[in-house]
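Take a moment to turn the model around on your screen before reading on. The report below walks through it piece by piece.

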Amino acid sequence: WVQDVGKSCGFAQQPQAPAMWVRANPDLYVREVPGMGDDLLTEASAPGGSLEDKIQLVLDHFRSRTRHLESLQQVLRKRALERRQRPGGDAL
């Protein structure tokens, strides 16, 4: 009785519906990561192996993708500047 009083501060609690839980089925989840190929995802999620090696593999992949996107950004900036400098070029 004393434990129950402390939970409600002496006030009567409203009846609450029991929590509803659903057991997750792994087959319901999409098994893909944006920017990560299926082969890399399969290798990283395979059971066994070194966790550090798997983390490093994923980090190296995204680091190389980042460098690729940064170089594409530089190419697009350069093209935009060249267009702007050409006579009759588009003004940004």
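This is a predicted model: local features need pLDDT of at least 70, side-chain atom pairs count only at pLDDT 80 or more; totals for chains, interfaces and linings use all residues.

Let's start with Leu 59, a residue with a relative accessible area of 41%.

Leu 59 belongs to helix α3, which covers residues 51-85. Together with Leu 51 and Ile 55, Leu 59 forms a nonpolar patch on the surface. The accessible area of these three residues comes to about 280 Å² together.

How many salt bridges does a search of the whole structure find? The search turns up one. Its partners are the side chains of Arg 63 and Asp 60, which meet at 3.3 Å, counted from N to O. Side chains of opposite charge can pair when their charged atoms come close.

Where do the two partners sit? Both Arg 63 and Asp 60 are in helix α3, three residues apart, and that spacing is about one turn of the helix. Arg 63 is partly exposed, at 41% relative accessibility. Asp 60 is partly exposed as well, with a relative accessible area of 37%.

## How α2 and α3 cross

Now look at helix α2, made of residues 38-45. The axes of α2 and α3 come within 9 Å of each other and cross at roughly 160°. Angles over 145 degrees count as roughly antiparallel, so α2 is roughly antiparallel to α3. As for handedness, the crossing of α2 and α3 is left-handed.

## The chain as a whole

Stepping back, what does the secondary structure of the protein chain come to? There are three helices and zero strands, and from the N terminus on the elements run α-α-α.

The protein chain has 92 residues, and buried ones make up 5% of them. The chain exposes about 9000 Å².

Methods:
Residues are numbered from 1 along each chain as its sequence is written. Side-chain values use heavy atoms; hydrogens and water are left out. Patches are made of residues with over 30% relative accessible area and no salt bridge: like charges are joined within 9 Å, nonpolar side chains (Val, Leu, Ile, Met, Phe, Trp, Tyr) within 5 Å. Accessible areas come from the Shrake-Rupley method with a 1.4 Å probe; for residues, only the protein chains shown count as cover. A salt bridge is a side-chain nitrogen of Lys or Arg within 4 Å of a carboxyl oxygen of Asp or Glu. Helices (H or I, at least four residues) and strands (E, at least two) are DSSP runs, numbered from the N terminus. Buried means under 20% relative accessible area, exposed over 50%, partly exposed in between (1.4 Å probe, protein chains only). Axes are lines fitted to C-alpha atoms, for helices over the stretch in contact, and angles run from 0 to 180 degrees between N-to-C directions. Angles under 35 degrees count as roughly parallel, over 145 as roughly antiparallel, 65 to 115 as roughly perpendicular and the rest as oblique. A crossing is left-handed if the near helix is turned anticlockwise from the far one by less than a right angle, and right-handed if clockwise.
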